[in-house]
Amino acid sequence: MSDLLHIVKGLSVQPKCVLLLGARTEAMLNWLFSLTASKVVLVEPEPTMFEKAKAMHSAKGKPENVTVTHGVPVFESEQKTVSYFASNVPGFSSVLPPNVIKSIRPALEFTEQEVPVIEIKPLLQQFDISEGHTCLLVMQLNGGEQQCLNNQILSAFTHVVIQSSLKPIFGDSKPVEKVKTRLTECGRDYLELAESMPPFSNFV
């Protein structure tokens, strides 16, 4: 089990709504489907993980509290599709081109695909996500979090857990620095917790 999953399972409150941007693992999917008292929204950009989530949703009788959508999450965009680098191993794909990840996991192979764009802004209203309710945002996008974070989305959730990386494993910039800047600008206190698998780090 990843450190991030330990974190979200250890929260002391049951959120009214959970928005998960990128599941990465089947263990995370299993946890999502266990939240029968919460409204759960999964936006999954990785084709393989989306198929797993859709199959699990069907196997569990298509519970009405769970919504599964395929696409790359961005806060708002005029684009309908975007290029996506899908990995041969689930959990290691990104909207950004692979960089340091190739030296960490040399066996990874990537296929560039066109994937639908999913806007987050309309989801906030559709699922009544606001600071007035206990809402949890979980983000695991391998660098793609840079296209989702702004003050409006960070202010809409009472609890936020973001996985980022200390090195530019995808793309050219260090995503951790941008995550810290966004959290500070929004006036949110946070804890930085290192993952057991460097260079990933979690922000809570």
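This is a predicted model: local features need pLDDT of at least 70, side-chain atom pairs count only at pLDDT 80 or more; totals for chains, interfaces and linings use all residues.
By the distance rule used here, the count of salt bridges comes to 6.

**Sheet**
- Strand 1 (residues 17-21) and strand 2 run parallel and are joined by 5 bridges.
- Leu 21 has Val 43 in strand 2 as its bridge partner.

**Helix 3**
- Helix 3 covers residues 47-59, 13 residues in total. From first C-alpha to last, helix 3 reaches 18 Å, close to the 18 Å expected at 1.5 Å a residue.
- Its buried residues are Met 49, Phe 50, Ala 53, Met 56 and His 57. They sit on the same side of helix 3, because they cover an arc of only 130 degrees around the axis.
- An α-helix has 3.6 residues a turn, so residues three or four places apart point the same way.
- The cover over these buried residues includes helix 2 (26-33), strand 2 (39-44) and strand 3 (66-70).
- Gly 61 follows helix 3 and has a positive phi, near 80 degrees.

- Side chains of opposite charge can pair when their charged atoms come close.
- Lys 16 and Asp 128 meet in a salt bridge at 3.2 Å, N to O. Lys 16 lies in the loop between helix 1 (3-9) and strand 1, and Asp 128 in the loop between helix 5 (121-126) and strand 7, so the pair ties together parts 112 residues apart in sequence.
- Lys 16 is partly exposed at 38% relative accessibility. Asp 128 is partly exposed at 39%.
- Lys 121 pairs with Glu 76 in a salt bridge, the closest N and O atoms being 3.7 Å apart. Lys 121 lies in helix 5 and Glu 76 in the loop between strand 4 (72-74) and strand 5 (81-87), so this pair ties together parts 45 residues apart in sequence.
- Lys 121 is partly exposed at 36%, and Glu 76 is partly exposed at 48%.
- Arg 182 and Glu 185 form a salt bridge at 3.8 Å, N to O. They are 3 residues apart in helix 7 (residues 175-185), about one helical turn. Arg 182 is partly exposed at 32%.

How values were computed
Residues are numbered from 1 along each chain as its sequence is written. Side-chain values use heavy atoms; hydrogens and water are left out. Helices (H or I, at least four residues) and strands (E, at least two) are DSSP runs, numbered from the N terminus. The expected span of a helix is 1.5 Å times one less than its number of residues. Buried means under 20% relative accessible area, exposed over 50%, partly exposed in between (1.4 Å probe, protein chains only). The arc is that of the directions from the helix axis to the C-beta atoms. Contact means heavy atoms within 4.5 Å. Two strands pair if DSSP finds at least two bridges between them. A salt bridge is a side-chain nitrogen of Lys or Arg within 4 Å of a carboxyl oxygen of Asp or Glu.
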